[in-house]
Amino acid sequence: MSKDKGVKLPTSKNIEIKLDILNNEELQKELKALKDVFAASYGPTGRPMSSMSITQYWSEHRRNFGRDLFLSFRTNFIQHVSGGHVTVTSSSSQILKSITTVSTPLTRLLLQSVQGHVNHFNDGGLFTVLLTIQLIESSLKCGLPRHTVIAINERALTTILTQLESSDLPIKLSADLGNMNQMLGVIRSILVTKPATGLTSNELQSLAVVLLRGFLSCIPTSRNKMVSLDNLRIQDCEGPSVSESRLKNGILLEAKCHPVIETIYEGKDGIKVALFDCSLAGNVNDGWLDNTKTEISNNFLTIEDNVLTSMMRMVDSLIDHGVKLIACQKVIHPTLQQYITRKGLYVIERLSICHIEAVQKLTAARLLSSFQGKMTEDSFGLLNKINLLVIHKKRYIHLIPNSSTHPEISTLMLCAPDEHGLDELKLLCSAVLQSLKQLLYQPFLVPGAGCFETIIAGLLMQTAQEFDGLPELDCSKQQYSRGLHSISSVFLHIARTLDHDGNNHLVDRTTIHHWLTQPLATKLTTPQHCLCGLVTSHQDTEWYMTEEMCGMPRGIDVHRSSTGDVKNFENVVLDVMSMKVNGIKTAFETANTILRVKHFVKEIFE
C-alpha cells in the first residue's frame, strides 16, 4: 500500500486516513506551487516569466487554488477560475486573500499562520511564507530523524532570538524618529519591495515624504494619548500620478452634490455641526415607531407625511441653535434635503460607519440617535471651514477642524493612474505606517536586501562550530551541525530569492553581508557596496559565494558584523527588526507544528 494513498475504514461513517502525510504527493505539489507564487513577487523586481512559462504554470496549478495566479511581468496576475476581475499585485495580503481553497489541512494551517503575521504587521508576509516552506522542505531532506530536526529547529530559533536581543551582536541599528533621513530610508526600503506599484524614483521619494508627514501627524502632542493610525485617513483618487498625493489637515469626503463655490462655509467662532447616526429617510420601519399607538382618522396625511413634518421641525430647531452643517450616517429624505438647503444649511448623507467615527472625532460632536429628542448646546460639534476641492474632475468636501477642539486627524489623498496601482499603494501605505508605529515601541532596525539572512546563516554556522553537546537535544555533534547547516542554507536561499536575474551571490568573511555581481563576473569585480548599502568593500576583502559558506574556514566571527555609524541613508535598505523577528518566530513554530503531524484522519461526506 502506498503511503500517499488514503485508507477507508469499514465503519458507519466514511473516514479516510492518510499515512505519513508530509510525504504525500498532493501536499508536496501544493507547497511547491505556493512557493512559486510567493517567490515571484519577492524582492524589489519580482521574477519575470515567459508566456510559455505562464501557460505551463497555469495548466499545472490552476486546480490547486480557488483562483488562477498568473506569474508575469514580475508581478502576480490573479483571476478566478471562472473569469472576471483580474488583480495585479505583488503584495502577500492580496495573494493570501486570493487563495480561497486549498486541498490539504497542513497548507491551510500554514496560510493561516502567515495571515496572522500579516494582520499584525501588514508587512513581511512573503518572507514568512517562503521561510516556512523552505524550513519544511529542508527538514525533510536533511536525513535526520523527525524529532531531532524539530529539537534542532527549536534550538536554532532560541539562538537567533537570544543573539538579536543581545547587544554583543552589532547588526541592530537604533531607530531615531527624529532623524528624518533615516525614517525616509526605512520608508523607501518598504516601498521598493512592491514592483506592481511601478513607482519611479521621483514618485517614490515624494510618497515617502508624504507618508512620513502623515505618520508624524498621528503622534499626539500629549503624553497621555496613544498613537492611533486611525487618525490618518487614506482617500484614494484614481487618475493623477503618485507624485500628486498630498496630506490634508482634516477629512476629505466625496461630494454627493455639486456646490459651485470653493468655500462653502466659514465662521469666525466655528461652524456648528449636528451629527446623526440614525436614518432620516422617514421610513416607518426604522424602529422609532415602536410602542406607538396608531388610530384611523379622516385626514389625508400619511404617517410618512407626519414623520417628514417632525423632521422639518427638528431642522428649524437646529437653525435656532445656529447649526450650519447636518451630517448623517444613513440616508436623508430628498424632500428634507431640499428643505435643509433652502434654509441655508449644508447637508452630508451616507457617511457610513467608517466616516461617521472620524467626523465625530474631528468635530467633537455627540452622535444623535433620534430626531425627536431634546438637543442642547453640548450636542453639537465645531468646524473651522468647509471647502470644496476638485481633484482630477472629482469633487471633495474638505472638513477643516476647529483649533479649539484640538483634533489630530489628517487625510492622505493617495493618487495613482489606475485602479490596480491604487489598490497596491493602499496596502503598501498601510504597511509603511504600521512599520513606523512598531519603531515607537521597539526602535531597532536590521540590514535588508538579504544581508540580515546571510548574517543569521553565519551565526548558525558559528554556533555549529562551537557546539559541545546539550543533553536535552539527544543528538550527536555531527547531527547538530548538519541540522544547523540545513537551516543556514534556508536563510541563504531566502537571500538569493530576492534576485531573479541569475546574478552571483557573495558574502564577505568580515561582515557576512550580502553582495551581488553580474552572472559572468569574477570575485575580483565586486561592487562598492553590499546590497543593504551599509558596508563598503575594500581591497583586502575576502569573498565567498553563498554556496561556499559551508566551506568557509573555521573561526567565523559574526560579532564583527558591525554596520558602523551610518549618516547617509539615501541608498540604504533597512528592515524593521520586530517585523523580521516575528516572521522568523512564525515560520519556525509553524514548520515545527507541521513536522509533528504524521497521519491525517478525514471524514468524507458523500
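A pocket, as the word is used here, is an open set of grid points with protein on both sides within 12 Å along at least five of seven lines. Keep in mind that the model is predicted.

Select L229, D230, N231, L232 and R233. Of the 16 residues that line the second largest pocket, these lie closest to its centre. The space in this pocket comes to about 420 Å³. Next, colour β7 (232-238), α11 (352-363) and α12 (419-441): each of them gives at least two residues to the lining. Which classes of residue make up that lining? It has 7 nonpolar, 5 charged and 4 polar residues.

**Stop two: P105.** Move to helix α4 (residues 105-121), where P105 is found. Is P105 buried or exposed, or something in between? Its relative accessible area is 26%, so P105 counts as partly exposed, the range for that label lying between 20% and 50%. L27 and P105 are 78 residues apart along the chain, and their C-alpha atoms are 9.2 Å from each other.

**Stop three: H529.** Go to the loop between β19 (514-517) and β20 (543-545) and select H529. This residue is partly exposed too, with a relative accessible area of 36%. Leaving out residues up to four places away in sequence, H529 touches W515, V535 and T536. With T536 there is a polar contact between the two side chains, at 3.3 Å.

Technical notes:
Residues numbered from 1 in each chain as written. Predicted model: local features only at pLDDT ≥ 70, side-chain atom pairs only at ≥ 80, totals over all residues. Heavy atoms only, no water. 1 Å grid on protein atoms, 1.4 Å probe; cavity = no way out; pocket = protein on both sides within 12 Å on 5 of 7 lines; lining within 4 Å. Points joined across faces, edges and corners; volume = space filled by probe spheres on them. Helix = DSSP H or I, 4+ residues; strand = E, 2+ residues; numbered from the N terminus. Nonpolar A, V, L, I, M, F, W, Y, C, P; charged D, E, K, R; others polar. Buried < 20%, exposed > 50% of the residue type's maximum accessible area, 1.4 Å probe, protein only. Contact = heavy atoms within 4.5 Å. Polar contact = N/O pair within 3.5 Å; in protein donor to acceptor, adjacent residues only side chain to side chain.
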